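Good morning. Please have the sequence and the model open while I talk.

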Amino acid sequence: MAASEENSALFPIFILTIMALPLVPYTMLKLCRAASKKRKSIHCQCSVCSQSGKYRKSIFKRISNFSTCSNLTLVLLWVIMAVLVYYIKHISREVQVFEPFSILGLEPGASDSEIKKAYRRLSIQYHPDKNPDPEANKYFVEFISKAYQALTDPISRENFEKYGHPDGRQGLQMGIALPQFLLNIDGASGGILLLGIVGVCILLPLMMAVIYLSRSSKYTGNYVMHQTLSTYYFFMKPSLAPSKVMDVFSKAAEYMEIPVRRTDAEPLQRLFMLVRSELNLDLKNIRQEQAKFWKQHPALVKTELLIQAQLTRETAALSPALQVDLKRMLELAPRLLEELMKKMAIIPRTSQGHGWLRPAIGVVELSQSVIQAVPLSARKATGGSSEGIAPFLQLPHFSEAIVKKIARKKVRTLQDLRDLTIDERAELLGNVAGLSPSEAQDIEIVLDMMPSITLEITCETEGEEGIQEGDIVTMHAWVTLNRKNGLVGALPHAPFFPSHKEENFWLLLADSASNDVWVSQKVNFMDEAAAVTAASKAIQESKEGSGFSLKEINMAVKEAVEKVKSGSRLVMGKFQAPSEGNYNLTSYCLCDSWIGCDKKMSLKVKVLKRSRAGTRAGPALEEGPALEDEEEEHEEEEGYDDYESEYSEDDDEDEKKKNSTPANGVANGKGSGSSSDGSGTDGE
């Protein structure tokens, strides 16, 4: 009985140990992550972002940010552990070591007469004939009688002095740290134990499996509905212009599930009048176009209008219910756009395993516009700038009128503004644009946050000098990011976007003439540790395959690690070399958060005819003008009309597609790099 009670008393200690093993290191990890996030501020510090309240550290927002499911669970587990510690400390006082002198209230070494007097005194108090209380009877039998016997019986006293127990040497006892009612399998306790085993070992895993399978059958790994991907796949076309990408994006099943209330009708009507110019309606037949627009599915109408409200910054005209719906839509937007890019635009479509360039650029442009709340119409080439006024509108305090003012001073592109010195910009913004010093300071802060990208790309067949048709070609690209404020990973300036959004870059190696994406890769600058690991592994495998020595491999890995820590990321991709010819490829590094910070670089690849003997001749990558003058003139005539062609009418696009050159044709153009904040293709 005593052994059973002792084992039962160990059960809280057992539970405390099992809880502490994972809980303590997980809590330390969470605290370290929280401390590392507070070391450096990586979000925009301009007054516009501060007034948006997105980064405001109010007490309610702190509570809201802390009140996540994982944090509340963590706090609850620590409360349970504290209760267990208190309970264990309490029961440890009740469990006493068998001390006969202490039980009889005597000092060690008392005489026999003192022992008998103490026993008679306690017998009057606890003996069953004197005290009918069952607890008194139990205490008398188990403690008082045993203590008296241990001190008066010679054999018991000798056992106590030698072994600490009146019954002599005690054998090894084995027990299980479970409550006593679970060990008693008779009656209801057996049923409780059986139900617990069935629930924990069978029903709980089965329920978790059912929940997981039900969610996995409805969602992808990125928590996007399968129905959404099916819709995107159906509507995605190779010649889809950026202005048409939003029509595909707004058909997501997640947006269709947002309820359309009767009270939304009047606010949506007012919103329609505000954003009508952005809906690509035919102004010649405006009545028919409006009627056609409102005949669409109500959820689709609501989605398109709310997205346009974000792009045109007309969210103040929304009702509180619509503002909640818009916030939910914007929270889903980055995830949906990433799936639209990764699994629809650049997924291998052609027989050569190439994706589509034009829709890919359109998806990134739409992502930039949604994050920065800039209308797509602002991307049209105006005033001698192929970028339009969209890059300027993402800057704080900028408007179309200010863009026109600074254009008179020959500052027509964002790069022109960034190339000015601080004093020149201050004079331009103050005297010409009419901005106050504080507003000019906000613009300086945002310009310092903007990333500047440089590319270093090589294409080669590992272990060979040239590229022959059919070879597996490896692309090595170093993407380097620089900011004037010294940060590498940062959150973009996006005061009109309600949630935090990390910068992502898409590196595309494409043939713009055939609209084919040969290699595509997502690049992120936030996680430096993961980038160091990936670059080290890639460099090591590449050098080992080429037969380099261990010393050379270690030096290459060390150099790659230093480049990653200084703000570079290694991107590697493979593609199969096409048929013989000269290919004028273009590498794009597109940012999904900033407008005007993309990088475009031309790259010439020469593919040789495969010889029977397998010999190779000449380098495959040409970085200078290596083609004839006629080809260069042909490129200049063909041009690269960025947004003007992208937002042209569909009839013009169809005519261009009929006259487009075939895929994998002879490459034209130069190999120099150039910066552009959005590029499209004229042919399919």
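I start with a definition: two strands are said to pair if DSSP finds at least two bridges between them. With that in hand, take strand 2 and strand 3, the latter covering residues 472-482: they pair in the antiparallel sense, over nine bridges. Keep in mind that this is a predicted model.

Those two strands belong to an open sheet of three strands, in the order 2-3-6, with antiparallel pairing. At the edges are strand 2, residues 452-460, and strand 6, residues 568-576, each of which pairs on one side only. On average, neighbouring strands here are turned by 20 degrees against each other, if direction is ignored.

Helix 24, residues 528-545, touches strand 3 and strand 6, and its direction makes about 45 degrees with that of strand 6.

Which residue is the bridge partner of Glu456 in strand 3? The partner is Trp478. Glu456 has 46% relative accessibility, so it counts as partly exposed. Lys563, at 22%, counts as partly exposed too.

That brings me to salt bridges in general. How many does a search of the whole structure find? The search finds 16.

Arg261 lies in the loop between helix 13 (253-256) and helix 14 (265-275), while Asp325 lies in helix 17 (residues 320-345), so the pair ties together parts that are 64 residues apart in sequence. Are the two partners buried or exposed? Arg261 is partly exposed, because its relative accessibility is 29%. Asp325 is buried, because its relative accessible area is 8%, and buried means under 20%.

The other pair is Glu503 and Arg483, whose side chains meet in a salt bridge at 2.5 Å, N to O. Each of them lies in the loop between strand 3 and strand 4 (505-511), so the bridge ties together parts that are 20 residues apart in sequence. Both Glu503 and Arg483 are buried.

The network consists of Glu338, Glu339, Lys342, Lys343 and Lys522, linked by salt bridges.

Leu204 lies in helix 10, residues 188-216. Leu204 counts as partly exposed because its relative accessible area is 40%.

Last, the whole protein. There are 28 helices and 10 strands. Of its 684 residues, 42% count as buried. The protein exposes about 37500 Å², and carbon and sulfur atoms supply 56% of that area. Among contacts between residues at least 6 apart in sequence, 71% join residues at least 24 apart.

That is all I have. Thank you.

Notes
Residues are numbered from 1 along each chain as its sequence is written. This is a predicted model: local features need pLDDT of at least 70, side-chain atom pairs count only at pLDDT 80 or more; totals for chains, interfaces and linings use all residues. Side-chain values use heavy atoms; hydrogens and water are left out. Helices (H or I, at least four residues) and strands (E, at least two) are DSSP runs, numbered from the N terminus. Buried means under 20% relative accessible area, exposed over 50%, partly exposed in between (1.4 Å probe, protein chains only). Axes are lines fitted to C-alpha atoms, for helices over the stretch in contact, and angles run from 0 to 180 degrees between N-to-C directions. Contact means heavy atoms within 4.5 Å. A salt bridge is a side-chain nitrogen of Lys or Arg within 4 Å of a carboxyl oxygen of Asp or Glu. Accessible areas come from the Shrake-Rupley method with a 1.4 Å probe; for residues, only the protein chains shown count as cover.
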